[in-house]
Amino acid sequence: MVDLSTYRNIGIFAHVDAGKTTTTERILKLTGKIHKTGEVHDGEATTDFMEQEQERGITIQAAATSCEWDNHRLNIIDTPGHVDFTIEVYRSLKVLDGGIGVFCGSGGVEPQSETNWRYANDSKVARIIFVNKLDRIGADFLRVVKQIKEVLGANPVVMTLPIGIEDDFIGVVDLLTKKAWVWRSSDDPADYEIEDVPEDMHDIVDEWREKLIEAAVEQDDELLEQYLEGHEPSVDDLKRCIRKGTIALDFFPTYGGAAFKNKGIQNILNAVVDFLPDPTEVIPQPEIDLEGNETGGVAVVDPDLPLRALAFKIMDDRYGALTFTRIYSGTLKKGDNVLNTFTGKTERIGRIVEMHANTRIELSSAQAGDIIALLGMKNTRTGHTLADINNPATLEPMVFPDPVISVAIHPKDKAGTEKMGVALNKMVQEDPSFHVATDEDSGETLLKGMGELHLDIKVDILKRTHGVEVEMGKPQVAYRETITILIEDVYTHKKQSGGSGQYGKIEYRIEPAEKNAGYVFESKVTGGSVPREYWSAIEKAFKVCMDEGTLAGYPLLDVKFTLLDGAFHAVDSSALAFEIATKAAYRQSVPKAAPQLLEPIMRVDVYTPEDNVGDVIGDLNRRRGMIKSQEAGPTGVRVKADAPLADMFGYIGHLRTLTSGRGQFSMEFSHYSPCPQNVADEVIKEAQERKAAK
């Protein structure tokens, strides 16, 4: 059995363009996994192997690889930075034990950094911080450290200080050992020297080392006492305390460097080994029953326990579907039969492979702590648990956000229709944030996703990977509806047609529920006027109706339905009769409850040069944006706003025009908000026209 204490399952995450993929490339080069470094801007990075990634210079899907450093095995996942692909970060963090948060030395804490950091907090993933690009104009290591504290509310513990900055950046001082790591050349990461601290840095090194020691000794009462008495702890004691604090999420060891110039990567690798947890040191995954309730059991990382594994990503390639899987406990062998606890069916493990980006190494078995890919899994999807047939349990599943934008597509020729259906089915399995539906009115195929770029990439994949040429319609907004006033009403369904008839009477109240409550059902029936066995039929019928609102046919949000009273007939009443009564009651009462159209509001984060701030804010105001804050930085101004999605289509092109190509922005779903009347009227009119055309 492999010693699990030498395993590190880590992810690298950051804002677009902070240097995640470049950092991964340098790690692979240093650990001997690759011999030639590929650059993102040349489209040659190892983990950016999709054509779309190479062309656009961005990471779209998380890529897995593994390497060795200091007799430790590192399983690394390089994740996307663009907000439309946040799902990849979320599901990767779900199965990782540790992470490296990369921040740009000049850009600092950028919009997507916040989202990713929030996901990492939710998943309780221990992290180290790498402030990259310290060779850039406007780079300021300590300013970024301050931003991490203020913007993220995190507690960074500075482990290295930069020697020089911008063009003069040549290395870092390791505060633990008080030694300088200096790279004279930027071509070879292994070409460095360890020297004494530069003369002009003694004061700042002493100041920050003291802060480091104070943070570390708080993890050990005995060491703290000794330190207060004037005894400085040894480097080994400090490392032990820093490891303890990092795993407990009390603080985050923070390093500086320039990945592109090969400076500072060794320190990061040493920190991964020294401070990030091995699989046995993280909080075990909770086990749940089939209803989603926690059982109190946990999946302890141990190869000798029954199998518990989580499928976290499906990827289709020319050899078939790959199911990326994290094994939490037990072992898995080629040819084993395992139970998928979601479907209740057994699956046979065809092949087990270790992934290195898009190449693979065949394995005969894998064990607790491993991240591997399985071939031959027919019914396993993202979030499903694979367990021992004789000892089943389900791990906590993943929760994915609903799409906020849709676009209609149709193939350019009839031959493409069938191919498109097969291709879309595969793509939906790969990406849980991507949905496909058919518009009942027009019969068109609708693609639903997290943003314009998300859908753009999907259409590109249809064309290149699956050979299906499609035409796209205009992007459509995923509106919602709700009610605004309380209504009490009564409905009787009575039908007699010879023999036993149908009878169901309900007295009910519908009212707005609390925000984000969804659908709430309550029964206040006493004395058996509506027998208990019919309550669930009433509850389900109203819930089904909520999929289609009465204003424009969009789903209804946040409604409470209370069953007050009713009547039944001993012979003619049935669950079906009460179901029909409830559906008719919905159509009768929802229009009386002052229904209102809701639109998705996006959290918009814009970077703009100082000269263009006025134009950018004016443009956001014209798009019905509410400006939340402005924050000046060394390279420009960051403007935060809430804006309706309907007015943000094509914004990137407009922003580039306003800022002469220098502006950038990030946008993610925030909440639903009532539509202004003129917008609502337009949307309702369009919906009515579509219905009439049908």
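**Group meeting: an aromatic cluster and a helix pair**

Okay, let's start with the rings: Tyr508, Tyr519, Phe521, Phe542, Phe561 and Tyr586 form one aromatic cluster. For pairing, I take rings of Phe, Tyr and Trp (its six-membered ring) with centres within 6.5 Å; planes under 30 degrees apart are stacked, over 60 edge-to-face, and the rest tilted.

Quick caveats. This is a predicted model, so local features need pLDDT of at least 70 and side-chain atom pairs count only at pLDDT 80 or more, while totals for chains, interfaces and linings use all residues. Residues are numbered from 1 along each chain as its sequence is written, and side-chain values use heavy atoms, with hydrogens and water left out.

Searching the whole structure turns up 13 aromatic pairs. One of them is tyrosine 508 with phenylalanine 561, stacked at 5.6 Å centre to centre with 15° between the planes. That pair links distant parts of the chain: tyrosine 508 sits in strand β31 (residues 502-512) and phenylalanine 561 in strand β33 (residues 559-567), 53 residues apart. Helices here are DSSP runs of H or I, at least four residues, and strands are runs of E, at least two, numbered from the N terminus.

Buried means under 20% relative accessible area, exposed over 50%, partly exposed in between, using a 1.4 Å probe and protein chains only.

Next, tyrosine 519 and phenylalanine 542: their ring centres are 5.8 Å apart and the planes are at 20°, so that pair is stacked too. Here tyrosine 519 belongs to strand β32 (residues 519-523) and phenylalanine 542 to helix α12 (residues 535-545), 23 residues apart. Tyrosine 519 is buried with a relative accessible area of 17%, and phenylalanine 542 is buried with 1%.

On to the helices. Helix α6 (residues 202-217) packs with helix α7 (residues 221-228) at about 140°, axes 8 Å apart. That makes α6 oblique to α7, because under 35 degrees is roughly parallel, over 145 roughly antiparallel, 65 to 115 roughly perpendicular, and the rest oblique. The axes are lines fitted to C-alpha atoms, for helices over the stretch in contact, with angles running from 0 to 180 degrees between N-to-C directions.

Who touches whom? Glu210, Ile213, Glu214 and Val217 in α6 meet Leu223, Leu224 and Tyr227 in α7, with contact meaning heavy atoms within 4.5 Å.
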